[in-house]
Protein chains: 2
Amino acid sequence: MNIYSFICFVKPRDEHKIDQIFQATLILVKQKGLAGITMSEIAVAAKIATGTLYIYFESKEKLINELFTQCRKSSVDIYFKDYESSQPFAVGLKRIWFNLLEFRMNHFKESVFMDQCYHSPYITETTKDLTKKMIQPLYKLVERGKAEKELKELDTFMLLIFMVSGINEYVKHSVYSEKKITKASMEDLYNLMWDGIKA
Amino acid sequence: MNIYSFICFVKPRDEHKIDQIFQATLILVKQKGLAGITMSEIAVAAKIATGTLYIYFESKEKLINELFTQCRKSSVDIYFKDYESSQPFAVGLKRIWFNLLEFRMNHFKESVFMDQCYHSPYITETTKDLTKKMIQPLYKLVERGKAEKELKELDTFMLLIFMVSGINEYVKHSVYSEKKITKASMEDLYNLMWDGIKA
DNA sequence: TTTATAAATGAATATTTATTCATTTATTTG
DNA sequence: CAAATAAATGAATAAATATTCATTTATAAA
């Protein structure tokens, strides 16, 4: 019995399928890029029929966009997990930095997918702008770091970009050379970054 | 009169067209990604007929691969311009770092194209491996920096990746927000990096 | 100027890929 | 269990795209 039963809608959608489709798409994009995926391949990888794909997503463009939206949402959730702007600056910074690293490590496929989408015909400028807006707290944090004389007096965007750029590249390298990322190496990378930005 | 004339080959290829095709492809890939380009669009952008494209490149795959190879070659040429391993460590490091920055700035389209190719059905693992080999001198330089106690005693790849990662992201941001990169901001970024890695 | 030849063209064709749809299957209520 | 309904299927179709090819054009030597 559900909300629809009185008008006799039966056989509800298997909402689990959306996740199957998303996972299949992420795996394929990591393997061969956005340029290399087809709807029928996605269907095969998700273990459903091609037609079923169109019950859940009206077009390839919609599928890519909805997946992008979900990835962005989950990335931002992770970025700011356990972060409070009331924390001391250094604590908040370390918290967010390790969250960024965690996302790249544990959601590598999502990262690759989002990178690929950025230069693609699927994602609009509006969507890209929204992505920028969602990282505003990070921008605020850097401004605060400068105000509290904890950080060098440099352009906020330069500091921000510098802070996060090493993460992306380091995780990418580790994944492709199949090297494990240890707790010690995470700390090393953090210290490289910190020694760069500290006042 | 050229080498072929005695066997009566006439109307030689316009070798300038290869460059037109490459430039058109780079512009299109920057605009809409590898997933968004078609052979006929490339032809239009290069101001030639679709069929002409196939006189110069036997397939789309070949075109992408040859463009990738040329981009890699020109990038490596620039990376090691005016660099001599006989220079003092700090001089060599700064030289290469600024060369990397120059490439990203003045060959932004090429950078975007190469990034996109990395996860694509066009570029083989062999090609990717070759790319890694070509940056060996950079790896050597970092090892030397550690030996001379100029750099922190950390994993060479971590140092290497940290050294270059800021460049990519900073140039990307500057291009998209249409901010000019000043000589001063280049120095700032270099110092952020240097303060991070120095012993 | 003629001739030989390959480049250049772009419409036509082949191929690939997205999308639809007639049919079958599964689910839930009465 | 029957009825009702949407999900699921995958072959068929439509649309997009890569590639070919018959024809025209341009070049350079004779």
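Start by selecting A:Lys94, A:Lys183 and A:Glu187: salt bridges link them into a network. A salt bridge here is a side-chain nitrogen of Lys or Arg within 4 Å of a carboxyl oxygen of Asp or Glu. Side chains of opposite charge can pair when their charged atoms come close.

Some ground rules before you move on. What you have open is a predicted model, where local features need pLDDT of at least 70 and side-chain atom pairs count only at pLDDT 80 or more, while totals for chains, interfaces and linings use all residues. Residues are numbered from 1 along each chain as its sequence is written, chains are lettered from A and ligands numbered from 1 in the order in which they are written, and side-chain values use heavy atoms, with hydrogens and water left out.

**Stop 1: A:Arg95**

Now pick A:Arg95, which sits in helix α5 of chain A, residues 89-106. Helices (H or I, at least four residues) are DSSP runs, numbered from the N terminus.

Show what surrounds A:Arg95: setting aside neighbours within four places in sequence, A:Arg95 is in contact with A:Lys81, A:Asp82 and A:Tyr83. Contact means heavy atoms within 4.5 Å. Then draw a line from the C-alpha of A:Arg95 to the C-alpha of A:Asp19; these residues are 76 apart along the chain, and the line spans 29 Å.

**Stop 2: where the two chains meet**

Colour chain A and chain B separately and turn to where they touch. How many residues of chain B are in contact with chain A? There are 38 of them, and they meet 39 residues of chain A. Between them the two chains bury about 3300 Å², with 69% of it on carbon and sulfur atoms. Buried area is the accessible area (1.4 Å probe) that two parts lose on being put together, summed over both. On the chain B side, select B:His119, B:Met158 and B:Leu192: these lose the most area to chain A, together 23% of what that side buries.

Next, look for polar pairs: 10 residue pairs are in polar contact between chain B and chain A, both residues at pLDDT 80 or more. A polar contact is a pair of N or O atoms within 3.5 Å; within protein, one must be able to donate a hydrogen and the other to accept it, and residues adjacent in sequence count only if both atoms are side-chain atoms.

Which helices of chain B supply at least two residues each to this side? They are α1 (16-32), α6 (108-118), α9 (156-176) and α10 (183-197). The largest share, 12 residues, comes from α9(B). By type, the chain B side divides into 18 nonpolar, 12 polar and eight charged residues. Ala, Val, Leu, Ile, Met, Phe, Trp, Tyr, Cys and Pro count as nonpolar, Asp, Glu, Lys and Arg as charged, and the others, Gly among them, as polar.

**Stop 3: salt bridges, across and within**

Over all chains the count comes to 26 salt bridges, and four salt bridges run between chain B and chain A. Zoom in on B:Asp195, which pairs with A:Lys152, closest N and O atoms 2.4 Å apart. B:Asp195 also forms a salt bridge with B:Lys198, at 3.1 Å between the closest N and O atoms.

Another pair to pick is B:Lys179 and A:Asp155, whose closest N and O atoms are 3.7 Å apart. B:Lys179 lies in the loop between α9 and α10 of chain B, and A:Asp155 in the loop between α8 (136-147) and α9 (156-176) of chain A, so this pair joins two chains. B:Lys179 is partly exposed at 40% relative accessibility, and A:Asp155 is partly exposed at 36%.

**Stop 4**

Select A:Cys71: the nearest cysteine sulfur, that of A:Cys117, is 7.7 Å away. A:Cys71 counts as buried, at 2% relative accessibility. In chain B, the sulfur of B:Cys117 is 7.7 Å from the closest cysteine sulfur, in B:Cys71, too far for a bond. B:Cys117 is buried too, with 0% relative accessibility.

How values were computed. Disulfide = S-S within 2.5 Å. Buried < 20%, exposed > 50% of the residue type's maximum accessible area, 1.4 Å probe, protein only.
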